[in-house]
Amino acid sequence: MLIQNSQAIAPSRRSFLKGAGLSTSVFVLGSFVPFGRFAAAEGEAAAPAPAAAVFDPNMFLRIGSDDSVVVLCKHLEMGQGVSTGLATLVAEELDADWSKVGFDFAPNNPKVYNNLFFGSYIGTGGSTSMANSWNQMRQVGAAARAMFVAAAAKQWNVPAAEITVANAVLAHASGKSARFGELVEAAMQETVPTAVTLKDPKDWKYIGQPLPRLDSKGKTTGTATFAIDFRRPGMLTALVRRAPQFGATVKSIDDSDARKIKGVVDVVQIPSGIAVLANDTWAAMRGRDALKITWDNSLAETRSSDALVAEYRDLAATPGIVAANRGDAALGLGKASQSYEAEFTFPFLAHAPMEPLNCTIELTPDGAEIWAGSQFQSIDDYAVGQVLGVTPDKIRIHTLLGGGSFGRRANPMADWAVEAAQIAKAIGGKAPVHLLWTREDDIKGGYYRPMALHKVKAGVDEAGRIAGWQHTIVSKSIMIGTALEPMTVKDGVDATSVEGVSDTPYGIENLAVHVHNAKTAIPVLWWRSVGHSHTAHVMETTMDELAHLAGQDPLAFRLSYLKEGSRDAAVLKHVAEKAKWGQEMPKGMGRGIAYHMSFGSRVAMVAEVSVEAGALKVNRVIAAVDCGVAINPDVIAAQVEGAIGFALSAVLRNRVTFAEGVVEQGNFDDYEPTRIKEMPAVEVHVVPSAEAPTGIGEPGLPPLAPAIGNAVFAATGKRLRSLPFDLELLA
């Protein structure tokens with residue numbers, strides 16, 4: 001990586017370049033733009049106001065004498081296309097030549113590269129990358145363009161307003177012209193403007209176009225460097241033996257056999273277990289297997305999955321914490337002519353990214369350097385600093401490509417970064433340490449999407465309207481007990497446990513939502529789409545069931561609870577049109593519809609399935625998406641397609657189960673991702689929008705399960721409520 005060092009906050013551009021060891025014939029521009037609140041449509045909740053971006057000439061952009069344009073990404077590229085999206089915003093306003101645009105990762109300097117929705121913290125998550133960068137990165141490009149124009153105007157002695165810029169070439173009617181590379185020295189001398197005018201959307205050249213991704217070539221040719229590929233001279237590989245039951249601790253250890261393994265260099269104890277360090281991964285694995293450990297299980301989780309479900313069921317039968325209360329649900333239900341009551345269960349789920357967790361750390365005289373696919377740099381550098389007894393600014397994080405995450409690399413506990421630091425400290429920093437989690441480590445000992453149980457009672461009146469809806473959720477809170485609790489938990493309600501229910505866009509007059517925060521030593525974490533991963537299925541299955549009870553078309557029933565002319569209604573209508581909703585399906589086949597709004601984006605899906613002799617086949621999924629301005633429609637489609645593929649295995653089979661507190665799954669043989677042969681044909685239709693961009697990495701997941709379940713009902717008359725689906729019910 002060319003630049004990965006945290007710098008003082010406001011050096012001159014020349015001193016910054018000198019300190020970074022770069023030639024001064026490189027243009028450097030910092031971020032400065034205040035970031036305004038997104039305007040919300042009438043009747044919609046306003047998006048959260050981002051923190052103001054600080055005017056600072058630190059690096060966001062490098063333009064070389066060879067005309068190359070490198071955008072420094074403050075967000076982790078883990079397959080979602082953020083590097084291409086951020087570069088597109090800059091290139092649009094800069095009028096760069098896309099064939100010469102690239103990206104690099106920014107250093108962990110939170111005063112410059114913070115996520116504007118997270119305040120003063122660097123982090124990638126919550127599908128906020130493009131939303132928080134929308135104005136900021138366009139203004140970075142516009143400011144750079146203005147500085148090049150000003151430099152050319154001085155050299156040519158012409159008015160700046162008469163200079164045009166296209167494909168990295170500045171030109172004047174007099175015939176004078178110059179490429180960016182010829183003007184970098186002069187442009188650097190210009191004052192960074194404090195205000196710029198952004199392009200009118202009708203003049204966009206790159207935004208809205210399916211530009212090729214900047215990370216594709218390196219990934220397909222094998223030249224891209226992921227964190228797991230990184231090596232340091234003299235580096236040792238470390239694997240940790242963790243307790244088979246969460247909450248257990250080391251009682252005694254015999255490491256004599258492990259130390260006899262050729263290549264094993266050291267064995268050290270850290271709070272989470274015993275680390276074996278070796279010259280290579282194979283030796284570390286063999287050494288770890290040779291450890292003889294006695295565990296203290298006195299505080300360990302020893303319950304089975306069935307026992308946990310039974311306890312959740314008992315909790316659901318008792319009054320919970322009020323998360324939402326509209327009208328009088330109990331009174332409304334008392335007047336219902338037909339009622340519906342159901343239980344939904346959802347298992348723990350592993351993230352299982354293709355690149356398992358790993359991190360390289362090297363202690364320095366004043367702190368440490370880290371090379372990792374870091375998703376929450378400001379949490380990771382703080383947590384590592386706590387281990388080493390230094391401030392976060394002494395921890396330099398070199399962000400590398402991440403091979404997937406789905407939330408796992410963004411742990412508020414920074415578990416894997418902390419383990420790496422503890423190991424490096426335990427060996428006195430005598431060598432760089434590469435901590436590696438194997439696939440089994442990840443699935444058996446990681447953090448999981450919380451298990452959840454929903455209990456719903458709802459009914460319709462004689463007019464076919466929803467009379468009342470009572471909804472109880474039992475789940476372990478992701479946020480309680482973390483540093484994020486003060487921001488996300490109010491009056492005992494973790495917003496991530498009830499999102500998608502308590503804030504439903506459906507105009508249900510009588511709605512009561514209660515939540516129970518279950519207790520278990522099993523660690524939990526957000527998983528792609530967080531709470532929406534289970535709440536959407538319950539909401540959309542129930543809406544479908546109520547439509548059936550009311551004798552109404554499922555599409556028309558939903559639309560009757562959405563404001564006419566709203567973006568929600570428009571997306572539903574769009575998918576219905578594209579799917580030709582209402583057409584008869586052949587016997588044994590069914591079509592189901594679902595809609596959900598999450599992370600500011602609206603997604604509606606129609607699934608087409610066939611059911612034969614208890615076998616379920618998802619044939620086709622049609623999706624309509626409104627995520628604001630479509631910066632790159634190809635990336636949007638890819639994210640929705642990927643979300644469908646990711647979610648399908650959780651719909652059909654995947655779960656993490658416990659037997660006496662021990663995880664029963666371990667690798668892709670018993671926690672199997674979606675196979676190519678299972679993937680349905682997918683159509684993604686992006687609804688045109690002039691609204692500011694919202695998230696797309698996660699919103700494509702929630703509607704899939706209910707769309708499939710509702711299609712199964714249409715084909716068979718049988719409801720599949722819990723995930724993964726119990727296909728034996730279809731036999």
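1. Helix H11 (residues 377-388) lies across strand E15 (358-364), strand E16 (367-372) and E17, and runs at about 140° to E17. Contact here means heavy atoms within 4.5 Å, while helices (H or I, at least four residues) and strands (E, at least two) are DSSP runs numbered from the N terminus. Axes are lines fitted to C-alpha atoms, for helices over the stretch in contact, and angles run from 0 to 180 degrees between N-to-C directions.

2. The model is a predicted one, in which local features need pLDDT of at least 70 and side-chain atom pairs count only at pLDDT 80 or more, whereas totals for chains, interfaces and linings use all residues. Residues are numbered from 1 along each chain as its sequence is written, and side-chain values use heavy atoms, with hydrogens and water left out.

3. Seven strands form an open sheet with mixed pairing, in the order E10-E11-E8-E18-E15-E16-E17, where two strands pair if DSSP finds at least two bridges between them. Strand E10 (264-270) and strand E17 (395-399) stand at the edges with a single partner strand each, so one side of each is left without a neighbour in the sheet. From one strand to the next, the twist averages 25°.

4. E10 and strand E11 (residues 273-278) run antiparallel and are joined by six bridges; Gln269 has Ile274, in E11, as its bridge partner.

5. Arg62 belongs to strand E2 (residues 61-63) and is buried, with a relative accessible area of 5% (buried means under 20%, exposed over 50%, partly exposed in between, with a 1.4 Å probe and protein chains only).
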